[in-house]
Amino acid sequence: MTSNKFNYPDKEGFFGEFGGKFVPETLMYALEELENTYSKLKDDKDFIKEFYSDLSAFVGRPSPLYFAQRLTDKYKSGNIWLKREDLNHTGAHKINNTVGQILLAKHMGKKRIIAETGAGQHGVATATVAARLGLECHIYMGSEDVRRQSLNVYRIKLLGAQVHAVDSGSATLKDALNEAMRDWVSNIDDTYYIIGSVTGPHPYPMIVRDFNSVVGQEVIKQSNDLFNKMPDAIVACVGGGSNAMGIFYPFIEVQETRLIGVEAGGKGVSTGEHAAPLNDGTPGVLHGARSYLMQDEAGQVKDTKSVSAGLDYPGVGPEHSWLKDIGRAEYVAVSDDDALKAFHEVTELEGIMPALETAHAFAYLEPLMKELDSSSNVVINVSGRGDKDINTVAEIDGIEF
Amino acid sequence: MNRLTSTLSNLKANNQKALVAYLVAGDPDMDSTLDLMHLFVESGVDVIEIGVPFTDPIAEGPTIQRAHDRALKNNISLKMILSLVDEFRKSNKETPIVLMGYLNTFISHIELVQATGKDGIDSILVVDIPGELNLESYGISNPNINTISLISPTTSENRVELIANNSTGFIYYVNLRGVTGSSNLNISEIENNIGRIKKYTDLPTLAGFGIKTAEDAKTLAKFSDGIIIGSSIVEMINEASTTKEFDRIGKYIKDMKIAIS
């Protein structure tokens with residue numbers, strides 16, 4: 001099923017006009033080292049075996065493709081299937097790529113692991129794989145996110161990693177990324193930076209996509225087994241875009257499947273207070289790659305707004321920008337209010353509490369199902385579980401513990 | 001000839017080292033920046049490097065990050081910085097001016113940069129483009145403006161050659177693995193690496209990052225064509241941001257100049 005026609009990134013790390021390596025010179029050596037290591041290992045039988053065996057025994061893959069009976073009954077216009085990444089060890093899709101990246105770090109002999117995190121899921125996933133290999137681990141997190149994701153902060157600490165709260169700029173994910181890059185520049189010889197999304201300089205968008213595309217590969221097989229054809233649509237939330245890329249990538253050549261990415265609409269795309277660069281951004285360069293970006297006319301990066309810490313990012317992975325421009329994927333936005341409504345609805349209807357990020361994907365069912373007929377099959381990528389968001393939701397609902 | 005190129009070659013001809021001093025435009029305000037630029041020159045600075053504030057300056061340590069934040073609170077844009085340079089040039093047509101910043105701000109102002117005339121800025125250093133690329137790769141080909149590229153301790157031999165061939169202003173050697181304002185200079189490594197660069201190019205090679213004391217400056221000037229000081233000046237600017245009494249900075253620069261002479 002893999003594509004011969006869609007073959008990106010190119011040698012320089014570009015997806016069409018997006019991507020590349022826009023980093024300070026000190027980091028070029030580390031990127032080349034990573035690129036060389038990955039190109040040697042990615043087709044190595046032992047490496048692949050080790051990766052899939054970890055995904056199976058440590059992560060618990062494959063994750064089920066689950067039929068959502070009551071959601072299906074609600075819309076009455078097609079079957080709704082849930083790809084259960086929320087059931088993975090640590091509770092989200094993030095563990096798939098960190099399991100892969102820590103193997104690269106091991107092969108490169110790196111002793112120190114750093115990562116940025118927004119919602120904390122990537123921080124937890126990174127601290128988890130670092131603990132498993134006994135590696136020193138530092139997680140950078142915006143101080144605003146430290147506050148709203150205190151549960152994950154504690155989990156990261158329990159796993160033996162250090163959490164560094166970042167106060168600069170907007171004190172969210174983008175600033176955590178800035179600080180992680182500064183750490184990397186300063187400790188380049190012994191440190192592996194586990195970037196948490198399909199963002200950053202080449203080769204990261206490719207590596208994270210490749211590791212996480214196990215999700216889409218499983219969906220192809222499971223769709224054949226469960227409904228004997230390919231889905232009519234796949235819906236996934238997009239912050240940096242790794243969960244979406246992981247499920248989209250194996251489907252790029254499957255033309256009958258619509259690929260729909262849902263961005264964080266915050267208070268509404270028209271208000272400007274959101275985190276939806278593919279809906280309301282322009283191409284620019286941030287964190288090592290050229291991609292759609294929320295920026296002002298002077299080229300300064302705008303602050304973002306989203307109830308979901310994991311989507312609260314002004315940029316997006318370069319491959320999504322390319323898929324948007326070539327028209328292979330559709331990108332829409334869902335507001336905070338609609339996402340919160342979906343969070344409650346899915347929890348009550350299905351007994352599955354989705355992460356607030358994932359709730360954005362669920363919220364798009366409302367308009368989408370109106371376009372589909374009852375024979376259609378829609379897959380929602382349940383990127384993570386919502387336990388980490390209970391404090392946020394309770395605060396919004398005015399509940400004190 | 002480009003003002004930066006001729007200034008550096010005159011210095012070299014007279015067996016002198018270049019002193020480059022950095023500040024962030026609009027920190028604490030544009031009037032102060034203009035005053036400071038003149039103070040720099042009076043105190044012995046050969047080249048002025050103006051930091052173009054950006055929301056996400058990934059190569060900067062805390063001191064310069066905060067200066068970028070302060071400047072952005074004043075809504076400083078590249079357009080305003082080019083006007084500042086015009087103002088400066090009314091009374092100074094000799095001192096070369098380098099803009100140092102991040103790619104996104106420059107590509108957001110391509111037409112302005114293209115329109116810059118002979119008596120404006122002389123060079124641009126983009127921190128986050130790979131050294132084998134230059135401004136022309138991004139649609140900026142202005143004969144008045146040359147490219148400064150960075151080479152770092154981790155740059156491989158084949159990249160040193162590529163970057164050296166691609167640079168037109170000077171080579172900016174990054175003294176350390178780290179962000180601006182870090183410490184712990186490894187002098188012998190710096191000496192070796194600058195020697196390696198000189199195998200590939202006759203362009204002046206200047207050393208920057210982590211230079212704090214006159215002692216540092218003196219040591220590095222022995223095997224480089226000049227030194228760049230940033231964070232320590234930016235810190236002093238911040239300390240005097242309310243009083244606007246910048247005499248201390250003038251004295252600091254004079255001491256640095258003596259140290260490298």
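**Stop one: two strands in chain B**

Select residues 18-24 of chain B, strand E1, and then residues 226-229 of chain B, strand E9: the two run parallel and are joined by four bridges. Strands here are DSSP runs of type E with at least two residues, helices are runs of H or I with at least four, and both are numbered from the N terminus. In general, strands of a sheet pair through backbone hydrogen bonds, either parallel or antiparallel.

Before moving on, a word on what you're looking at. This is a predicted model, where local features need pLDDT of at least 70 and side-chain atom pairs count only at pLDDT 80 or more, while totals for chains, interfaces and linings use all residues. Residues are numbered from 1 along each chain as its sequence is written, and chains are lettered from A and ligands numbered from 1 in the order in which they are written.

**Stop two: the whole sheet**

Now widen the selection to the strands of chain B. What order do the strands of the open sheet take? Reading across, the nine go E5-E4-E3-E2-E1-E9-E8-E7-E6 in chain B, with parallel pairing. Two strands count as paired if DSSP finds at least two bridges between them. At the edges sit strand E5 (146-147) and E6 of chain B, each pairing on one side only.

Zoom out to take in all of chain B. Its secondary structure comes to eleven helices and nine strands, and its C-alpha trace spans about 45 × 40 × 35 Å along the principal axes. The radius of gyration of chain B is 17 Å, which agrees with the value near 18 Å that a compact globule of 261 residues would have. (That radius is taken over C-alpha atoms, and the globule rule is 2.2 Å times the number of residues to the power 0.38.) Colour by burial and 54% of the 261 residues of chain B count as buried, meaning that 20 or more other C-beta atoms, placed from the backbone, lie within 10 Å of a residue's own.

**Stop three: where the chains meet**

Show both chains. Here 31 residues of chain B are in contact with 26 residues of chain A, a contact being two residues whose C-beta atoms, placed from the backbone, lie within 7 Å. On the chain B side, pick out helix H3 (62-73), helix H5 (103-107) and strand E6 (149-151), the elements that give two or more residues. H5(B) supplies the largest share of that side, four residues. By class, the chain B side has 14 nonpolar, 13 polar and four charged residues. (Ala, Val, Leu, Ile, Met, Phe, Trp, Tyr, Cys and Pro are nonpolar, Asp, Glu, Lys and Arg charged, and the others, Gly among them, polar.)

**Stop four: chain A and its two domains**

Chain A has 17 helices and 14 strands, and 61% of its 401 residues count as buried. Colour domain 1 (15-55 + 94-208) and domain 2 (61-91 + 213-396) of chain A separately; the bounds come from an automatic or database domain assignment. Taken over C-alpha atoms, the centres of the two domains of chain A are 22 Å apart.

Key. A residue is buried if 20 or more other C-beta atoms lie within 10 Å of its own, exposed if 12 or fewer, and partly exposed in between; C-beta atoms are placed from the backbone.
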